[in-house]
Amino acid sequence: MKVSYGKLMMWFFLVSDAFTFSGLLVSYGMVRASHPAYEGATKDFVFSQEYWPIPEKVFDAFPFFHGHSWPLAFVGLMTFILILSSVTMVLAVEAGHRRDRKAVEKWMLWTIIGGLTFLGCQAWEWTHFIVGDGGGGASLTANQYGPIAFADFFFFITGFHGTHVFSGVVLNFIIYYRTVTGLYDRRGHYEMVEKVGLYWHFVDLVWVFVFTFFYLV
Amino acid sequence: MSSEENTNAIEVQPVDKAKVRHLLKVMWILAGVTVIEFIFAFTMDRSFVLVSIFVLLTIVKAFYIVSEFMHLGHEVKSLMYSIVLPMLFVVWLIIALIYEGSMLHTY
């Protein structure tokens with residue numbers, strides 16, 4: 001197939017990982033379809049255990065702007081941060097093709113910063129979701145926003161994705177370290193940057209789906 | 001060639017400006033589609049049409065990430081199909097389980 005063994009195996013791993021995430025998202029869809037939907041105007045929406053919540057009513061908080069209702073603004077920011085870190089990653093791969101060590105270092109560092117920023121945002125969002133706005137918040141066994149299953153899926157899906165982001169940051173750091181210490185120059189090629197780049201783009205790709213099916217729909 | 005010669009032979013090539021421009025274009029497409037999704041989310045009532053629009057725009061974004069960032073669109077066709085075709089199983093899974101789920105709600 002005209003690709004190296006390592007790249008091919010990374011692709012096959014990503015296929016299997018895509019199935020895992022599909023399993024989570026599809027079961028979310030199934031459980032959601034088995035709950036009654038909220039009927040009525042969006043502006044009259046109140047949290048209730050009786051029906052599935054409208055996500056934009058749940059995720060409308062923004063750090064440092066307590067009490068304001070900015071639906072999905074924070075998730076939108078997180079989406080943009082992840083897209084940006086995907087771009088810096090692809091620029092690192094491009095620099096690797098040119099064997100430009102300084103540029104690889106620069107773009108890998110930006111990618112790591114983007115990943116850490118995303119994780120920080122997610123930590124804030126989890127905290128806000130768990131603590132709540134005076135309504136008791138949510139845990140695996142209680143949920144102020146709607147059916148308990150909604151909170152369970154929130155923790156599992158965004159948590160599983162966050163774990164991927166975390167391991168991606170760790171991998172990116174290893175690549176950065178090995179670039180700085182000159183391993184890839186000695187090896188003569190920067191293919192590892194490309195392989196880990198595939199994984200990092202996949203993490204971004206999964207977020208695109210989580211964003212649509214968990215936050216927008 | 002010994003590994004030492006290899007080290008010395010490394011030459012840094014100049015930035016391929018056209019390639020970088022192309023990547024930035026993809027970034028703006030992804031950001032733009034996300035903005036469009038937001039506009040739809042706040043101007044349209046929840047309906048089957050809206051969900052279809054979201055799914056369509058998500059597939060557009062996924063296409064650009066996989067094809068350009070992950071470079072799959074420029075790989076050999078056999079590699080491309082061995083990655084993309086297995087995803088058809090997921091399409092089946094979605095249809096089957098959403099249908100089953102709505103039945104659970106009815107009965």
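## Chain A overall

Two residues are in contact if their C-beta atoms, placed from the backbone, lie within 7 Å. In this predicted model, 65% of the contacts in chain A between residues at least 6 apart in sequence join residues at least 24 apart.

Chain A contains seven helices and zero strands, and its pattern along the sequence is α-α-α-α-α-α-α. The C-alpha trace of chain A spans about 60 × 40 × 25 Å along its principal axes. Of its 217 residues, 41% count as buried.

## Helix 5 of chain A and its partner

Helix 5 of chain A covers residues 148–180. After helix 5 of chain A comes A:Gly182, which has a positive phi, near 85°.

Two packed helices are described by the angle between their axes and the distance between the axes. The axis of helix 5 of chain A comes within 10 Å of the axis of helix 7 (residues 191–216) of chain A, and the two cross at roughly 160°. Because the cut-off for roughly antiparallel is an angle over 145 degrees, helix 5 of chain A counts as roughly antiparallel to helix 7 of chain A. The crossing of these two helices is left-handed. On the side of helix 5 of chain A, the contact is made by A:Ile157, A:Thr158, A:His161, A:His164, A:Val165, A:Gly168, A:Leu171, A:Asn172 and A:Ile175. The residues from helix 7 of chain A include A:Met192, A:Tyr199, A:Trp200, A:Trp207 and A:Phe214. By class, the residues of this contact are 14 nonpolar, five polar and no charged.

## A:His161

A:His161 belongs to helix 5 of chain A. Is A:His161 buried or exposed? A:His161 has 21 other C-beta atoms within 10 Å; the cut-off for a buried residue is 20 or more, so A:His161 is buried.

Apart from neighbours within four places in sequence, A:His161 is in contact with A:Val206, A:Trp207 and A:Val210. The C-alpha atoms of A:His161 and A:Trp207 are 7.3 Å apart in space, while the two residues are 46 apart in sequence.

## Positive phi in two loops of chain A

A:Leu72 is a residue other than glycine with a positive phi, near 65°. A:Leu72 sits in the loop between helix 2 (55–58) and helix 3 (73–97) of chain A. With 22 other C-beta atoms within 10 Å, A:Leu72 is buried.

A:Arg99 is not a glycine either, and its phi is positive at about 60°. The loop that holds A:Arg99 runs between helix 3 and helix 4 (101–131) of chain A. A:Arg99 has 18 C-beta neighbours inside 10 Å and therefore counts as partly exposed.

Chain B has five helices and zero strands, with the pattern α-α-α-α-α along the sequence. Buried residues account for 10% of its 107 residues.

How many residues does the contact take from chain B and from chain A? The contact takes 42 residues from chain B and 41 residues from chain A. On the side of chain B that touches chain A, two or more residues come from each of helix 1 (3–9), helix 2 (17–43), helix 3 (48–69), helix 4 (77–84) and helix 5 (88–106) of chain B. This side of chain B is made up of 27 nonpolar, ten polar and five charged residues.

Technical notes. Residues numbered from 1 in each chain as written. Chains lettered and ligands numbered in written order. Predicted model: local features only at pLDDT ≥ 70, side-chain atom pairs only at ≥ 80, totals over all residues. Helix = DSSP H or I, 4+ residues; strand = E, 2+ residues; numbered from the N terminus. Nonpolar A, V, L, I, M, F, W, Y, C, P; charged D, E, K, R; others polar. Expected span 1.5 Å × (residues − 1). Axes fitted to C-alpha atoms, helices over the stretch in contact; angles between N-to-C directions. Parallel < 35°, antiparallel > 145°, perpendicular 65-115°, else oblique. Left-handed = near helix turned anticlockwise from the far one by under 90°. Buried ≥ 20, exposed ≤ 12 C-beta atoms within 10 Å, placed from the backbone.
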